[in-house]
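Hi there,

Here is the structure I promised to pass on.

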Amino acid sequence: MNPEATTALAAPEMPVPHGVRLLGGWYATGRPAGLSDHLDRHGPAPTGRAGGALADDVERAGLTGRGGGAFPTGRKLRTVAGQRGPAVVVANGMESEPASRKDETLLALAPHLVLDGAVLAASATGAGTVHLCLPRTRAEQAEGLVRAVEERRRAGLDPAEVRVHTLPHHFVSSEETSLVSWLNGGGARPAPTPPRPFERGVGKRPTFIANVETLAHVALIARHGPGWFRELGSESAPGTTLVTLSGAVRNPGVYEVPMGGSARQALAAAGGPTRRLGAVLAGGFFGSWLPVPLDPVAQSRGAGVLVALPEDACGLSETAGVLAYLGAQSAGQCGPCRFGVPSVAEDFAELAWGRPGPDLMERLDRRLGLLPGRGACRHPDGAARLAASALRAFAGDVDRHLRYGPCAHAGDAPVLPVPAGRAVAAEEGWR
């Protein structure tokens, strides 16, 4: 677990009005929930209910996926359950978004809530097997989850078999077809669709794939009902969600906040900004830059990430660094990823650190227009979204860089956590 997240969660001066759901056990005891703590707090998961009843409750609750896609979870449960043949459940804990620590934190503090949700999803879809997928970079956490699964097996809690896997840690390896490909013996990179995993996924069976936070919410809805779930959040976006807050905030870490709230409210949960802000990155590396002052209703979308960028940081160089990373992290399976994203990254590097030529913006606009909707997965779409939002949010900086070259802060250490040396070059790197 991220040490910063531990500090933020444990800070006694921090109000925790909404931390009593997914992270409630942590706030109550100050320690991760083992099986006995979990059962004392929540009791055993109600796995004996009919699958249709759980799908009904989740649908009425309005739960949507918390991994970035926001697809209605109840509808997905019902769709997989309605397919022919035995199903499979995949719990996605890959969290390849570098600015996010929410899934890692949840699995560290409340692993049995996630496992409850996965087993409940298996009961609802008629699945006999649950695959929990984590990146190999979190091997210690994976070992702890293997022990938790074994403890549950000895206690006779789970009607489904739960298997823990560690996969290659690339940005696109958390995409749902990447998980299916790897579990089927291939590389952990996106596969063409159709068929979608709910039709034919792991072992050619209908497969229900959900982010681990989504599954933890399923476990709570099964116990407390859709009305309880809707007590927080808004009518159109009910419940709570985990958000990783970082950058120029007083107490960076992972927080549980109501859905439908504004980015401004979420930043306040972390004690507010420590410096004047220039922009906020909402949704992570596939998200968008929000200009400051923040729109009172602007929300955190996508991967549950908000990064507060100080006013004196260079948003163009921050974006250029992320785009270079995304260009190196593609699966290299289609033109937009092999050529388009790296080309956009090169254009942004010229804008941020070089001496832009007179045709740069025309070329960049043209390339950005060619990326969305053309790739085998959403990788080029996310890169284009980030780049286009930077051009809007930092329009004044764009003009100054074009006129005078790099600003005084273009060479500063980055605020965004861009991993170094993560290019994918060999086939074995995907397996």
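**Helix packing and burial**

Helix H7 (residues 111–125) packs against helix H10 (residues 212–224) at an angle of about 75°, and their axes are 7 Å apart. H7 is therefore roughly perpendicular to H10 (a label for angles of 65 to 115 degrees; axes are lines fitted to C-alpha atoms over the stretch in contact, with angles from 0 to 180 degrees between N-to-C directions). By class, this contact (heavy atoms within 4.5 Å) has 12 nonpolar, one polar and two charged residues. Among those taking part are Leu-113, Val-114 and Asp-116 in H7, and Val-212, Leu-215 and Arg-223 in H10.

A word on provenance: this is a predicted model, where local features need pLDDT of at least 70, side-chain atom pairs count only at pLDDT 80 or more, and totals for chains, interfaces and linings use all residues. Residues are numbered from 1 along each chain as its sequence is written, and side-chain values use heavy atoms, leaving out hydrogens and water.

Next, helix H14 (residues 335–353) has 19 residues and reaches 26 Å from first C-alpha to last, close to the 27 Å expected at 1.5 Å a residue. Its buried residues (under 20% relative accessible area, 1.4 Å probe, protein chains only) include Cys-337, Val-341, Asp-347 and Phe-348. Helices H13 (315–328), H15 (360–370), H16 (379–393) and H17 (395–404) are among the elements covering them.

Finally, where is Ser-246 found? Strand E5 (residues 240–247) holds Ser-246, which is buried at a relative accessible area of 16%. Beyond neighbours within four places in sequence, Ser-246 touches Pro-252, Leu-306, Val-307 and Ala-308.

Best wishes

Methods: Helix = DSSP H or I, 4+ residues; strand = E, 2+ residues; numbered from the N terminus. Expected span 1.5 Å × (residues − 1). Buried < 20%, exposed > 50% of the residue type's maximum accessible area, 1.4 Å probe, protein only. Parallel < 35°, antiparallel > 145°, perpendicular 65-115°, else oblique. Nonpolar A, V, L, I, M, F, W, Y, C, P; charged D, E, K, R; others polar.
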